[in-house]
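Welcome! Please take a look at the sequence and structure below, and keep them at hand while you work.

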Amino acid sequence: MRIFIYIVCSFIVITMAYWAYTENYTTQASIRRVEELNRLVADEKEAISILNAEWAYLNRPERLSNLADLNFIKLKLVPLAAQHFTELEVIPMSPRRSLVVSSPVLVSSDGGKQFP
Amino acid sequence: MRRKPLRPLAHIISARQNGKNPDFIEAKERSKRNQALQLKTRVRAENRLLVLGLIFIIGFSAIGGKMAMLASSSVQEVRQYNTGSKIINQRANIVDRNGNILATNMSTQALYAQPPLMIDPKKAADDIYKIFPDLDYERLAKNFGSDKRKFVWVKKSVSPEQQQLVHDLGEPGLLFGNREMRLYPNGKLAAHILGGTRFGEEGVRAAEIVGVGGVEKYFDKMLRDPALEGEPLKLSIDLTVQAATRQVLKDGMRLMNAKGASAILMDVNTGEIISLVSLPDFDPNNRPRAAILGDPSENPLFNRAAQGLYELGSTFKIFTAATSLEKGLVNPQTIIDTTPFRWNRKTYKDYKNYGLTNSVEDIIMKSSNVGTIRMALAAGTSAQKKTLKDLGFFEAVPVELGEASRTKPQIPKNWSDTSTITISFGHGISATPLHLATAYSIVANGGFRVKPTIKKIDFGNLSREQVISPKTSKQLISMLRRVVSEKDGTAKMAKVEGYEVAGKTGTAEKIKPTGGYYDDKVIATFASIFPASDPKYTLVVSLDEPEIEVYGKNRRTAGYTSVPVAAEIISRVAPILNLRPIVPNNKMTYTSISSQ
C-alpha cells in the first residue's frame with residue numbers, strides 16, 4: 001500500500017513539474033510574441049506616419065493647383081466662385097425613370113431575403 | 001607490527017603431547033589472520049565508496065542545481081531594439097481645422113564618422129564631398145585625418161538615396177544614427193504660423209526637436225508631452241483658404257509693386273484665425289537664420305501680420321465714430337463741419353475738399369480727416385482711450401504666437417489733445433494688422449470682446465462680454481458697407497458679388513527712421529468684414545509701399561492697391577468657406593460648373 005502511495009505521489013510531482021515547466025515556456029514564448037508584435041505595430045505606425053506625410057506632400061495646395069492648371073483642357077477646373085452656388089430647386093434634375101429589376105439578388109446578411 | 005606465528009611452538013608441543021594434529025592449529029591461525037585482513041579491506045572499501053559517493057552527490061547536485069536555476073529563470077537574451085520605431089512620433093503633428101497635416105515627423109538618418117575606424121580617411125573625405133557638395137571639404141579632410149578626433153558629425157539629416165551612396169563607399173568609419181526630422185509638407189504655405197524647429201540636445205541615436213518660432217515654439221511643451229500620446233494640435237487655420245489667400249496676396253503684391261504684404265482672415269464670433277499670411281515668407285523646412293545685420297522687419301522671418309507695428313491710418317476712423325455713437329453725441333445722419341481745422345499752428349485738411357458739412361456716415365465713407373477730428377474732440381480724450389482699450393489696442397494681441405505676445409502697440413505716453421486729433425484718424429498710434437482684425441471683429445460681431453486664437457475652438461465656451469452696444473455695432477457696419485457700396489466710397493473696388501463686403505481703407509505714410517514721414521512710401525490697409533448683413537469674417541489686407549499706375553497716374557492709396565487685392569481674396573475665399581452668396585430677390589440662377 002505504502003509503495004502504491006509513493007508511486008502515485010511521485011507521478012503527481014512529475015506531472016506537476018512538467019506542467020509548470022511547459023507553462024513557463026509558453027509564457028515566455030507569448031512574451032516574445034508580444035514584443036515582436038509591438039515592434040511590428042511600431043513599424044506599421046512609422047510606415048503610416050510616413051505615408052501620411054507623403055499624402056500631405058502630394059496633396060499640397062500648390063501642387064494640386066499646378067496640376068489643375070496643367071490639365072485644364074481635360075478637366076476645366078476653375079476656382080470656386082459665388083456663381084457656382086445655386087438653389088436646389090433651380091438645378092434641372094434628370095427625369096425619373098422607374099427602375100426595372102431584371103435579376104433579383106439574394107442578400108445573404110439578411111437571412112437570404114430576396115429583393116425586391 | 002609484530003606478526004603472530006602460524007605455528008606457535010608451545011601450542012604444537014602441547015598438541016603433540018595430547019595426540020592431536022598440530023596442522024589444525026595452523027589452519028585455525030591462518031583463518032584468524034584471513035578474517036582480520038578481510039575486515040580491514042572491507043572497511044577501506046567502504047570508506048572509498050563513501051568518498052566516491054560524496055563526490056558524485058556534489059557533482060550531480062551542482063549540475064542539477066544549475067539546471068533547476070536555468071529552468072526557473074526566464075531567458076534574458078541580448079536583443080536589438082528597433083530604435084527608429086521608438087522615437088518616431090515623439091513630437092505631435094500639427095493639423096489644420098479639417099485635419100490636414102501641416103507639420104509631421106519623418107525618420108531620417110544622421111551621418112557621423114569615427115576616424116579611428118577609417119581605412120582611408122583622405123579618400124573618404126573626397127567621396128563624401130562628392131555626395132554632399134554643400135559640405136566644407138577642408139573641415140572634412142582635417143577632421144577625418146586627425147588622430148585626436150574620435151567622433152565627427154558629418155551631416156544632420158541624410159536622404160535614403162544619399163544613405164545608399166554612402167553605404168556604397170564601403171568605408172567602415174562612416175556610420176548612421178537614427179533621427180527624427182520635422183517635415184512641413186506644404187512648404188512656405190503657413191510659414192509664419194508654424195515657425196519652425198531646430199535640433200536641440202543631440203545623441204548618436206536620437207535628437208531632440210525644439211520649436212523656434214510660431215506655434216512650434218508656443219506649444220513646444222504640449223507637442224512634446226508624452227502624456228498626450230501624440231494627439232495632434234488642431235489649428236484654426238484652413239489649409240485651402242490659406243493657400244488661396246497666399247496665392248492672391250502674392251500676385252497682388254507683385255502687381256502693386258509692394259515690398260511686403262500681410263493678410264489676416266478672422267472669424268468674427270470666435271476670434272479664430274482662419275488664415276494668416278505674411279510676405280515675403282520662408283520655408284520652415286529650411287528655416288533661415290535670424291539676420292543679425294539690417295532691419296529685422298525686412299527679414300522673411302518677420303511676421304508682418306503679428307509683429308509689424310504700423311500706423312494704420314484711416315481704418316481707425318470707424319473707432320472714432322464708435323466712440324461718438326456710444327456716447328450718444330451723434331447718429332449716422334448728424335451733420336458735422338468739414339472745413340479745414342486749425343490746431344496748434346497746424347492746419348488739418350482732407351485729401352480732397354468734401355464740402356463744408358457732411359453727415360457722420362459720409363465722413364466715414366469719404367474718409368474725411370477733419371470731420372473725424374471734430375468728432376474725436378467732441379467725445380474727448382478719455383472716451384477715445386476707453387474705446388481703443390476695449391478694442392485691444394493697449395495690449396499685445398493674446399494670440400498663441402510668441403511673436404505676437406512680444407509685440408506691444410506703441411501708444412503715446414502723454415495723451416495730449418494733439419494725440420487725440422492724430423489718433424482719431426490713425427496716426428500717432430502703431431499697432432499690428434492683427435490688432436486691427438481683432439477690433440474690426442468686435443465691431444462686426446455685435447460688440448462682443450474677441451480673443452484671437454490660432455487653435456481650433458468649440459463654439460460653446462465663448463465669453464460674451466459686451467464692449468460696444470449692438471445698436472452701435474449695427475450702425476458702424478452699415479457705415480462700413482457704404483464705404484464699399486456707394487459711388488463716392490473709398491473702397492468701391494471691393495464690391496464682390498454675393499458677399500456684401502463692408503470695410504474701411506487706410507493709407508498711412510511710413511515713418512522715416514530719422515523722424516518725420518516719407519511722402520512716397522505708404523502702408524495701404526483695407527480692413528473689411530463680410531457679409532455685411534450678418535458678418536462672419538474679418539479680412540485685413542496690408543501692403544507695404546505699394547505703387548501702381550492707374551489712368552496715367554501713380555497711385556498708392558489703399559483704394560487702388562489693397563482694396564482690389566482684398567476683393568479678390570474675398571471672392572476666392574468666401575465660396576470655400578461655404579458662405580451662401582446673397583443674391584438680390586433671393587433668386588439664384590443655374591450655371592454649369594463644368595463647361596463640358
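This is a predicted model: local features need pLDDT of at least 70, side-chain atom pairs count only at pLDDT 80 or more; totals for chains, interfaces and linings use all residues.

Residues are numbered from 1 along each chain as its sequence is written, chains are lettered from A and ligands numbered from 1 in the order in which they are written, and side-chain values use heavy atoms, with hydrogens and water left out.

**Exercise 1.** Describe the overall form of chain B.

*Solution.* Begin with the radius of gyration, taken over C-alpha atoms: chain B has 45 Å, whereas a compact globule of 596 residues would have one near 25 Å (the globule rule is 2.2 Å times the number of residues to the power 0.38). Next, take the box along the principal axes: the C-alpha atoms of chain B fill roughly 185 × 65 × 60 Å. Then turn to secondary structure: chain B has 20 helices and 20 strands (DSSP runs, with H or I of at least four residues for helices and E of at least two for strands, numbered from the N terminus). Finally, 50% of the 596 residues in chain B are buried (under 20% relative accessible area, with a 1.4 Å probe and protein chains only; exposed is over 50%, and partly exposed is in between).

**Exercise 2.** Find two cis peptide bonds in chain B and place their prolines.

*Solution.* One cis bond runs from B:Leu279 to B:Pro280, with omega near -5°. B:Pro280 sits in the loop between strand S9 (273-279) and helix H11 (304-307). Another goes from B:Phe530 to B:Pro531, with omega near -15°. Look for B:Pro531 in the loop that links strand S17 (517-530) and strand S18 (537-544).

**Exercise 3.** Is B:Arg345 buried or exposed, and where does B:Arg345 lie?

*Solution.* First locate B:Arg345 in the loop between strand S12 (341-343) and strand S13 (346-348) of chain B. Now check its backbone: phi is positive, about 60°, although B:Arg345 is not a glycine. Last, its relative accessibility is 79%, so B:Arg345 counts as exposed.

**Exercise 4.** Where is B:Glu500, and what is its phi?

*Solution.* Go to the loop between helix H19 (470-485) and strand S16 (502-511) of chain B, where B:Glu500 is found. Then read its phi, which is near 35°, a positive value in a residue other than glycine.
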